[in-house]
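Walk through this structure with me, starting from its open spaces and ending with its overall form. Keep the 3D view open as you read.

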There are 2 protein chains.
Amino acid sequence: VHGLETADFDLLREQIDPLREQTLMSPGPTQVPPDVLEVLARPVLHHRAPQFRAALRGVRSGLQDIAGTENPVLLLACTGTGAMESAVVNICGPADTVLVVAAGYFGERWIELTERYGCDVVPLRYEWGGIPSAEDLDRALRARPDVKAVFLVHSETSTGVVLDLERFATVAKSADVLLVVDSVSSFAAVPIEVDEWGIDVLLSSSHKALMTPPGLAFLILSPAALEAANEALLPRFYLDWGQNLATQLGDEPETWFSPAISLVCGLEAALARIGREGLDSIYERHVQLGRRCRSGVKALGLELFSPDDDTAAVLTAVRMPPGIDSSSVVRIMHDRWGITIADGEARLKGNIVRIGHLGYVSGADVDRAVQALAGAVAEVAEVQRTEVA
Amino acid sequence: VHGLETADFDLLREQIDPLREQTLMSPGPTQVPPDVLEVLARPVLHHRAPQFRAALRGVRSGLQDIAGTENPVLLLACTGTGAMESAVVNICGPADTVLVVAAGYFGERWIELTERYGCDVVPLRYEWGGIPSAEDLDRALRARPDVKAVFLVHSETSTGVVLDLERFATVAKSADVLLVVDSVSSFAAVPIEVDEWGIDVLLSSSHKALMTPPGLAFLILSPAALEAANEALLPRFYLDWGQNLATQLGDEPETWFSPAISLVCGLEAALARIGREGLDSIYERHVQLGRRCRSGVKALGLELFSPDDDTAAVLTAVRMPPGIDSSSVVRIMHDRWGITIADGEARLKGNIVRIGHLGYVSGADVDRAVQALAGAVAEVAEVQRTEVA
């Protein structure tokens, strides 16, 4: 790694830095801004209090604004995977054929979920880190006219690939199948136009670009998705769209079960923050942060795993040089540099690191992460040289 | 209502009291103490950071201490109903006969859940507010030797009845059936001895006597429950015990999916608080708060709906006098007196109010709630007299 070959790593290792706080730059959970944290520390509202109903209304319309939709928003007290499972149990049946686009850990999760509920799954699989193509989807759908729904991941958090959702939606629409989109790490980081593009189910969660702690997920549901849910036969309760949505609609919304009250209030504050910054500015900032991160990583002589272009606006995945274990790099960045990033997921563990630059992240944060990455990679390399010698 | 017949309600109605905060005395969500709120406002930890693993270990052992158990604790990012559903999908199959004890809204939820998943449900039903008897359970189990599991609610939050769990457990044990206990509002308010009594599944959530916001649930699972889960056939993913537990066990626990990080950290602080107060003192305080509340309510000339004895340590349910709508009483207590209590649930709505005295509640809080109840009931009565006249 350039520029750190002569660093005194013994000195670094002995550094005592007790006041250092962690900067959270994983691709989720992400940093929560002070104004959102402050809301989390307020006394808890009752879930039927007027102030909480106002928070529900605010969250609903804030999420609709970001998604560009008038479709209803359904909040669930769970994380993204719960919302994914809700999509499967609310629109699928054991006899249904579904197509899943998978090019990483979370695409594989769609396959696992749909198979577990007995669907006939047509996988459109890519190597992890591959960029799914809408032409491939078009061909696959022509070959299998029995497909009822397509499941895909907008931003594959395990690889850093953000696919061209508008084109995928166009293909799904022309094939007249339901389109279910995991936008967990893309929502509020990358533009999404639910109504214009015709997305039937869009799901995301609180703890990515929405800058709120994990534990709150939501779905945006088209009339076709709700109609499919009405006819779907799989049993479900906690994740049932119809019963949950019925209580959340209207001017006096409440929730079927106890909602994640503090997270809803935190999200309301985060959405207000998003409103103040403005969506165009947020999307542009994410593009710029991605550029800044890639430029820094490449200047270190490291190789990108995520795409080297502006689609990689959510996170930057970096290949480790031969012999460098990414788990050690992540640990040293955490322990010594105060920067929390993520290791590779599952089969990529040990091989790549992932720097999240979504949500409440500044250019200076990205620069510090790159600096810490340089130091950590150099230290792991140095330790290995010492061990070999 | 004694003592408020001559109050000047016009004056009260015109009162401006902008600094008044709500005191949350519903039977859930409950008040969150300042030291727990402070933790919620700290920067979010990464779910694989050492500090978060320490929080997971602390929460696990703190919950085991309260439950008197060495059985494993499974955390889920959902509310109590999600944990209830997990019990059904992890131990039941469509052909299984289960017995449900139901004497209120949450007992009925067990019936709805088990029926929805195709169980053959033997209901042991009581009028809402009735006190289930272990002798009835014994008789019912003798009549139906095909019962595989018994589902019951320890503290029926809709009525204020806390059943004699030790005796129910003895009966279930001697019949050799699995016992599944909803202890959502009893856990940490009323003594529970999981290992001594032989409870197979005990579930609860963060937002009752555990003094943390809603969105985090947990289960304590016996070897027999886990064995049943291994053999159960219903598909499940987000709520699957085996896969979730496998990641949470051991000295380096993590979670299968993103956990509700801030709530886990808040719960760790709440458990530390519980450790400082001591369980014996907490249980005694809950008994005393129940006495204080019943005494105050009866002094007003109002009639109790929940039992008039020390088993009613979680909440006090109060019948409304003829013609007094409980919904109006709850609203006036909220708007004018700054006290949030709960209306009756479902078929009891309009007829009773429920004052929660579980978790972070003082005797002075109870006194203020009784005072506010007196004022609100008198005001509703006065309004009605005026309207009639």
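The second largest pocket of this predicted model holds about 630 Å³ of space. Its lining counts 29 residues. Those nearest the centre are A:Arg42, A:Pro43, A:Val44, A:Leu45 and A:Gln51. By class, the lining of the second largest pocket has 17 nonpolar, eight polar and four charged residues.

Now turn to the largest pocket. About 890 Å³ of space lies there. Its lining is made of 44 residues, and the closest to the centre are A:Glu345, B:His46, B:His47, B:Arg48 and B:Glu254. Chain A supplies helix H4 (80–91), helix H5 (105–116), helix H13 (326–337) and strand E14 (342–343), each with at least two lining residues. Helix H3 (50–67) of chain B does likewise. Which element gives the largest share of the lining of the largest pocket? H13(A) does, with five residues. The lining of the largest pocket is made up of 14 nonpolar, 17 polar and 13 charged residues.

Rolling a probe the size of a water molecule over the atoms shows where empty space is left. How many cavities of 30 Å³ or more does a search of the whole structure find? The search finds six.

The largest cavity has a volume of about 120 Å³. It is lined by 16 residues. Nearest its centre lie B:Leu75, B:Leu76, B:Ala77, B:Ser258 and B:Pro259. Two elements of chain B each give at least two residues to this lining: strand E2 (73–76) and helix H10 (241–248). The lining of the largest cavity has 11 nonpolar residues, five polar and no charged.

The second largest cavity has about 110 Å³ of space. It is lined by 15 residues, with A:Leu75, A:Leu76, A:Ala77, A:Thr255 and A:Pro259 nearest its centre. Here strand E2 (73–76) and helix H10 (241–248) of chain A give two or more residues each. The class count for the second largest cavity is 10 nonpolar, five polar and no charged.

Strand E2 of chain B leads on to a sheet. Seven strands of chain B form an open sheet in the order E2-E10-E9-E8-E5-E3-E4, and the pairing is mixed. E2 and strand E4 (120–125) of chain B stand at the edges. Each has a single partner strand, so one side of each is left without a neighbour in the sheet. From one strand to the next, the twist averages 20 degrees.

What is the partner of E2(B), and in which sense do the two pair? The partner is strand E10 (residues 217–221) of chain B, and the two pair in the antiparallel sense over four bridges. Look for B:Val73, which stands opposite B:Ile220 in E10(B).

E11(B) pairs with strand E12 (residues 315–319) of chain B over two bridges, in the antiparallel sense. B:Leu304 has B:Val318 in E12(B) as its bridge partner.

Finally, step back to chain A as a whole. It contains 14 helices and 15 strands. The radius of gyration of chain A is 22 Å, close to the 21 Å that the globule rule gives for 389 residues, so chain A is as compact as a globular protein of that length. Taken along the principal axes, the C-alpha atoms of chain A fill a box of roughly 65 × 55 × 35 Å.

Notes
Residues are numbered from 1 along each chain as its sequence is written. Chains are lettered from A and ligands numbered from 1 in the order in which they are written. This is a predicted model: local features need pLDDT of at least 70, side-chain atom pairs count only at pLDDT 80 or more; totals for chains, interfaces and linings use all residues. Side-chain values use heavy atoms; hydrogens and water are left out. On a 1 Å grid over the protein atoms alone, a cavity is a set of points where a 1.4 Å probe fits but cannot get out, and a pocket is an open set with protein on both sides within 12 Å along at least five of seven lines; lining residues have an atom within 4 Å of a point. Grid points are joined across faces, edges and corners, and a volume is the space filled by probe spheres set on the points. Ala, Val, Leu, Ile, Met, Phe, Trp, Tyr, Cys and Pro count as nonpolar, Asp, Glu, Lys and Arg as charged, and the others, Gly among them, as polar. Two strands pair if DSSP finds at least two bridges between them. Axes are lines fitted to C-alpha atoms, for helices over the stretch in contact, and angles run from 0 to 180 degrees between N-to-C directions. The radius of gyration is taken over C-alpha atoms; the globule rule is 2.2 Å times the number of residues to the power 0.38.
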